[in-house]
Amino acid sequence: MSLLLILTIVLPLAASLLIMTGADPRRTSLGAALVNLALSLLLFFGYDRTAGGWQFLSEWKILPKLGINMTLGADGLTLVMILLATLVTVSALWVAPKVEKYNGLYHVSLLFISAGVIGAFASLDVLFLYSFHELALIPTFLMIGIWGTGDRQAAAWKATIYLGLGSFILLIGLIALYISIPSGHRTLDLRELDQLAASGVLHPSALIYLLLLVGFGSLVSLFPFHSWAPGAYACAPAPAAMLHAGVLKKFGLYGLIRIALPLFPEAMHELNGLLLLLVIGNILYIGYVTVSQKRLDWTIGYSSVMHMGYIFLGLASLNLIGVSGAALLMFAHGLSVAAAFALCGEIRRRTGTLEYSELGGIARTAPVLGLLFGFATMASLGLPGFANFAGEVLVFFGATAAGPVMVIPVIVAVWGVVISAIYMLRAYRNVFWGPVVQRWESVTDIACGAKWAVILLLLPLMIAGFYPQLILKMAGTALPH
Amino acid sequence: MNTLYLEIAVVVLGILLLMVEAYSSSANKARLAWVGAIGLFGVLILSFLPQHAPAPGTASAAFVTSDLLSVFFVRLILAATIVFLLTVPSFFPVLRRSLPAEREGGGLGEFAILPIFVCAGLMWMVSAVDFIMIFVSLELATITLYILATYLRQNTASLESGTKFLILGALSTGFIVYGISWLFGTTGTTNLLALPSAIAALPEAAVTPLLFGIGMILVALSFKISAFPFQFWVPDVYQGAPTPVTSYLSVASKAAGFVVLIRLLGALWAIPAVSHQLHAVITLLAALTLIFGNFAAIPQTNMKRLLGYSSVAHAGYLLMAVASLASKMAVPAIGFYFAGYLAMTMLSFVVLQVVSEATGGDEISRFNGLGRRSPLLAGAMLLAAASLAGIPFTAGFIGKLLVFEVALKQGHYGLVMLGCVTVAAGFYYYFKVIRAMYWQQPAEETPIAVPGALKFLIAVLGAAIIAFGVYPAPILAALR
């Protein structure tokens, strides 16, 4: 079984190698992604929940003297994230159009992002957790720069420099963490780090936590390190935005849950006020910024920044309910934002513009597209029946239970739900309803393939919405009680 | 085997090839490069046999050593020279155009043979433990490099490059001789191994002249490793010199300079009388070199100048590790950094050589649309740029990781913070090349053909970048 976990990383890389040597890009990449999805389902349901802990382990020695090994393994939370990654990968490759320039490179870039993020989730060694994530940096730069729309060059530069700097700060934080371990115990293995922290050997300073928070935070677009995100998503081609906003961004949160939560309990407690302040910035400030957007892609880009605030709120509540809610919300938001970007890409391909002032009444001629976008909208604003709702409710419960300091953030967050209803419903109305604009009378409906690619994202969202235990029980195996 | 035999073998190889060259026909000059490369490869294999320094008490024992550091860098310099020689035959068309054509093929052979003498000089330099030896081997290497830098005699840029290199090289020679004489005057020795005990016995008043001497030597070494403020020759010389020479200059000659710096500082680092000042100077040097190299690279539009500034920037990261010399991981970190640096820098120069031959220029804009004209070259350059910028799973990342680790361990928080900013700047200027290759439209669509030898080099260097980045343990083990 441990071979399956490695395969999920190797398959996309092998497929990209095949494409580079001349295989058909679309068929090869989509085939690899579908097999990967099957593998991740096999792993998801093959995980022994009663036994818990890390399973499917495998290890290669890299720098044994420094305690650095490439260790792969998975617990419930890992498998939830890998499932998210494979679902979004299939959907993204499915909606990927045949491009004129560098068609092979387009698919290779997507496969690299996918392999990198799966590798990051499956790594038990902190250095490899970091390294795998960085595999996405150049593909993102290429995807936005070559095939992006709008002010793509500026967006690509901004995202690359921002993410490069953010991840380097993160790397410094990780090295500092490594050095703070008393020599003789030095390791980067998450399991051993947890043990060291539990046995009281490890006393990393709050400063290191701050480095990690800034580093991971800029990858997750935590306010005020968010400004790369909306533009990058708005300008990126739809499949890249889906993978980036849906999956890659969750890496930062995943890292905080994996590293900060168990290793820095005191620092997280002490600096919780700061985190809460940033969370309020994420929800309230970015929320209002989102309301003022005049284009669909920018609205969705900003909304994905805003929703990170809820997940951070769940983390900041520092209790099981809140963090479980955050985990569920990571899964839910990943799927819903990927669906939104996929549909956004479909609309852009039909109309060539996403300005609200120019769009309107598209649902008349493209009813299925409209219906699916309606579902994505409802999911994104947290309507009951979608996993987003269950996640948000858990976050609110967890935060409320965390004590009086959380009262204001919770009120802000609840108000944030209203804000997101305003901008999402307005976006839905502006694009799909109202009088039909003459230019769009002949807009075609969504194609059959793309339709199923979106349903592939929305269906699990509803399954997890009606039966959140499916995700919660899995994710719960990773969380301390 | 006595370690001196390696250098002797290299010199003999060079002399033999010179004699053969005199009688070889003009069509066969490329063979000289192949034979030279194979010969050096043989020496590289010999270097893996058990080595020992000359027996204590013999005359040569006072001059050369055979420790882990020297063995490692001897191999590194041999590898760099082999890469150089393999690129030479594909460079012949450029040479033919820019050499006075009195005789068909004249001057081509020497271009393939002179690097062997540079190689011998640099090999001696990294094994040397006496300043007399360091000076002599340095001169052997640099005088030969002056000739190579100015080789394109009908190209004014190359002449300018060679002249600047000669004048500033001579200046730095002056500094090092002057410094050595002050050092000898105060301590009575030129031997690095004897230096610590000689300094310990010095009276208080002799410390200032001693520091002055060390300072002069540091100035000269800063020229060699292109540390700020003695880096100003780098962009001009790099731009004008023939591409294979630039590549060699930025790797091998810089590596030798760093080894001498490590040996000098290693001898002085723990001596209370001078350590304080040295720590401060090296830290400052590292900081300034990082800032200058990285920020001056940002506006560059010429690929050779960009790589020149990038080599200054990398000297900054290496100096970060030198400033942390007290850590026992510092020297392995530097060695590893250089192994990776060799692969990624020489790979980018190989690509540059082909691109500038095909497009007729060295500007970054010549790389426009390379992804379409030659996916192989663009992919190789992408890999090299990723490694130079420090993306994981490449040699450059592990190098930076090790350097930042030792720097943090030694408490150089300021340098580390500065390093974060300069790494981000690095992302910008290396990605500028990636942007040209993939975002921009090519000026023409014709595919670019890559000579077979260079294809082989691209494959080997590319594989090395990834192999070092995924499995660095063997390289590190060679230095511990």
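Here are some friendly notes on this predicted model, point by point.

1. Let's start with the overall form of chain B. DSSP gives 19 helices and zero strands for chain B. Its radius of gyration is 22 Å, close to the 23 Å from the globule rule for 480 residues, so chain B is as compact as a globular protein of that length. Along the principal axes, the C-alpha atoms of chain B fill a box of roughly 70 × 55 × 40 Å.

2. If you take the contacts in chain B between residues at least 6 apart in sequence, 80% of them join residues at least 24 apart.

3. The largest nonpolar core is worth a look in your viewer: it has 393 residues, and A:Phe341 and B:Ile77 have the most contacts inside it. Helix α13 of chain B (residues 330–359) supplies the largest share of this core, with 20 residues.

4. What does A:Phe341 touch, leaving aside residues up to four places away in sequence? Its partners are A:Tyr233, A:Ala238, A:Ala241, A:Met242, A:Ala245 and A:Ile300.

5. In chain A, helix α20 (residues 407–432) has 26 residues and reaches 38 Å from its first C-alpha to its last, close to the 38 Å expected at 1.5 Å a residue. Just after α20(A), A:Gly434 takes a positive phi of about 80 degrees.

6. The buried residues of α20(A) include A:Val412, A:Gly416, A:Ile419, A:Tyr423 and A:Phe432. Among the elements of chain A that cover the buried residues of α20(A) are α14 (272–291), α16 (320–351) and α19 (387–401).

Key: Residues numbered from 1 in each chain as written. Chains lettered and ligands numbered in written order. Predicted model: local features only at pLDDT ≥ 70, side-chain atom pairs only at ≥ 80, totals over all residues. Core = buried A, V, L, I, M, F, W, Y, C linked by C-beta atoms within 7 Å. Buried ≥ 20, exposed ≤ 12 C-beta atoms within 10 Å, placed from the backbone. Helix = DSSP H or I, 4+ residues; strand = E, 2+ residues; numbered from the N terminus. Contact = placed C-beta atoms within 7 Å. Rg over C-alpha atoms; globule rule 2.2 N^0.38 Å. Expected span 1.5 Å × (residues − 1).
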